[in-house]
Every structure is written in structure tokens, then in C-alpha cells.
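Please keep the sequence and the coordinates at hand while reading.

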Amino acid sequence: METTVKLYSLTYKEIKTYLFALLFVVGNIALPQICHLIPGGGLTWLPIYFFTLIAAYKYGLRVGLLTAILSPLINSVLFGMPPVALLPAILIKSTLLAGAAAYAAHRLGKISLLGIIAAVLTYQIAGTLIEWAIVKDFFTAVQDFRIGIPGMLIQIFGGYALLKAIAKI
């Protein structure tokens, strides 16, 4: 039995775009605060990306981009995390994730574990290469692959589960 899935591609002219983006930004503010209660939690769990993945996959590129850009900026201003020096790399990875997730959802037209895996690997690999070019330090650039594997797995399997749970909405 196939689950009915509603995937959207909202425009910037729709109020729903901004309401959903606000909802996901709040999630991307709350989740990192919880993860930062654990030493190294942000580096391990990569929480700033979770709701960006959901936003872009379910509601399209525009909601994903708003979430991807506003979440790190607001978190940095309110809580100092991520630090300003890390914002360029995080913003790049966030926007790459929004693009990859929205593309996967549009292309596949369904919630797909392989699509989510592809989106996560795309933003991580491309983001790592861009971060390496920016910081000129390979060891720092591959930090998500050294420390953040649990976070990537949560994005993939937790993201898939959450998307399945909200599939009919």
C-alpha cells in the first residue's frame, strides 16, 4: 500500500511560505539549544541542518532557503552559536542542503530514503570541498565526516521518519 504524499513548491508570494519557514527556523533554533547541552553536541549531532532538510524536502526550495539562511544567522545573533567565523561555511552547507533536498523531492515526487541520503551526501561533500577552499585546512573541512556522522544519520533516518509522519499534511 502506497502512502499519499503531499510535496509542495511554495512561492515567495504565499504567506504559507513564510509561516512554514518560521516554524522550521524555530525548530532549528530549539534543536541546537538542546544539543548544545551536551559537550560537543553541535559538532556531533549537526542540529542546525535538520529542519532545513525537512523544510526543503516537504515545502520546496523557497521555504528551505529561508530556513537555511535565517536559522544560522538568528542562532548566531541570539546565542553566539555558530560563531560568526563559522557562519560562511554553515550558510553554504545549509543552502546546499536546501537545494539538494528540494531537488530530490521534486525529481522523485515522493519521500525516498535514497533521495534523502543523496541530499545529505551532496551538501556534505560539496560543502566540505567549499569549506576546504575557504579555511585552507583539510582536517577542519572534514570535521563533519570525522565527528558528525551521528548527526548525518539522524538527518537521514530521523528526516525520513518525520517526512513520512507528516506525508499527508
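The following paragraphs treat helix packing, selected residues and backbone features in turn.

The model is predicted.

**Helix α1 and its partners**

Helix α1 comprises residues 15-35. Its axis and that of α3 come within 8 Å, crossing at roughly 160°. An angle over 145 degrees counts as roughly antiparallel, and α1 and α3 are therefore roughly antiparallel to each other. The crossing in which α1 passes α3 is right-handed. On the α1 side, the residues that meet α3 are Phe 20, Phe 24, Gly 27, Asn 28 and Leu 31. Their counterparts in α3 are Phe 50, Phe 51, Thr 52, Ile 54, Ala 55 and Tyr 59. By class, the contact of α1 with α3 comprises 8 nonpolar and 3 polar residues, with no charged ones.

The axes of α1 and α4 also come within 8 Å, but here they cross at roughly 40°. The two helices α1 and α4 are therefore oblique to each other. Again, α1 passes α4 in a right-handed crossing. Among the α1 residues that make this contact are Thr 17, Tyr 18, Phe 20 and Ala 21, while the α4 residues include Arg 62, Val 63, Leu 66 and Thr 67. The contact of α1 with α4 has 12 nonpolar, 6 polar and 1 charged residues.

**Two buried residues**

Thr 17 lies in helix α1. Is this residue, Thr 17, buried or exposed? Thr 17 has a relative accessible area of 0%, so it is buried. Apart from neighbours within four places in sequence, Thr 17 is in contact with Leu 10, Thr 11, Tyr 12, Arg 62, Val 63 and Leu 66.

Gly 60 is placed in the loop between α3 and α4, the latter spanning residues 61-79. Its relative accessibility is 6%, and Gly 60 therefore counts as buried. With neighbours within four places in sequence left aside, Gly 60 is in contact with Tyr 8, Ser 9, Ala 55 and Ala 102. Gly 60 and Ile 90 are 30 residues apart along the chain, and their C-alpha atoms are separated by 20 Å.

**Backbone features in loops**

Most residues other than glycine have a negative phi, and most peptide bonds are trans. Leu 46 has a positive phi although it is not a glycine, and Lys 136 likewise has a positive value. Leu 46 is found in the loop between α2 and α3, whereas Lys 136 lies in the loop between α6 and α7. The table sets out their values.

| Residue | Phi | Relative accessibility | Class |
|---|---|---|---|
| Leu 46 | about 45° | 5% | buried |
| Lys 136 | near 60° | 68% | exposed |

The peptide bond from Met 81 to Pro 82 is cis, with omega near 0°. Pro 82 belongs to the loop between α4 and α5, and α5 covers residues 87-108.

**Helix α9**

How far apart are the end C-alpha atoms of helix α9? The 17 residues of α9, 149-165, should span 24 Å at 1.5 Å a residue, and the end C-alpha atoms are 24 Å apart, which agrees. The buried residues in α9 are Gly 151, Met 152, Gln 155, Ile 156, Gly 159 and Leu 163. An α-helix has 3.6 residues a turn, so residues three or four places apart point the same way. The buried residues of α9 pack against α2 (41-45), α3 (50-59), α6 (113-135) and α8 (143-147).

Definitions and conventions
Residues are numbered from 1 along each chain as its sequence is written. This is a predicted model: local features need pLDDT of at least 70, side-chain atom pairs count only at pLDDT 80 or more; totals for chains, interfaces and linings use all residues. Side-chain values use heavy atoms; hydrogens and water are left out. Helices (H or I, at least four residues) and strands (E, at least two) are DSSP runs, numbered from the N terminus. The expected span of a helix is 1.5 Å times one less than its number of residues. Buried means under 20% relative accessible area, exposed over 50%, partly exposed in between (1.4 Å probe, protein chains only). Contact means heavy atoms within 4.5 Å. Axes are lines fitted to C-alpha atoms, for helices over the stretch in contact, and angles run from 0 to 180 degrees between N-to-C directions. Angles under 35 degrees count as roughly parallel, over 145 as roughly antiparallel, 65 to 115 as roughly perpendicular and the rest as oblique. A crossing is left-handed if the near helix is turned anticlockwise from the far one by less than a right angle, and right-handed if clockwise. Ala, Val, Leu, Ile, Met, Phe, Trp, Tyr, Cys and Pro count as nonpolar, Asp, Glu, Lys and Arg as charged, and the others, Gly among them, as polar.
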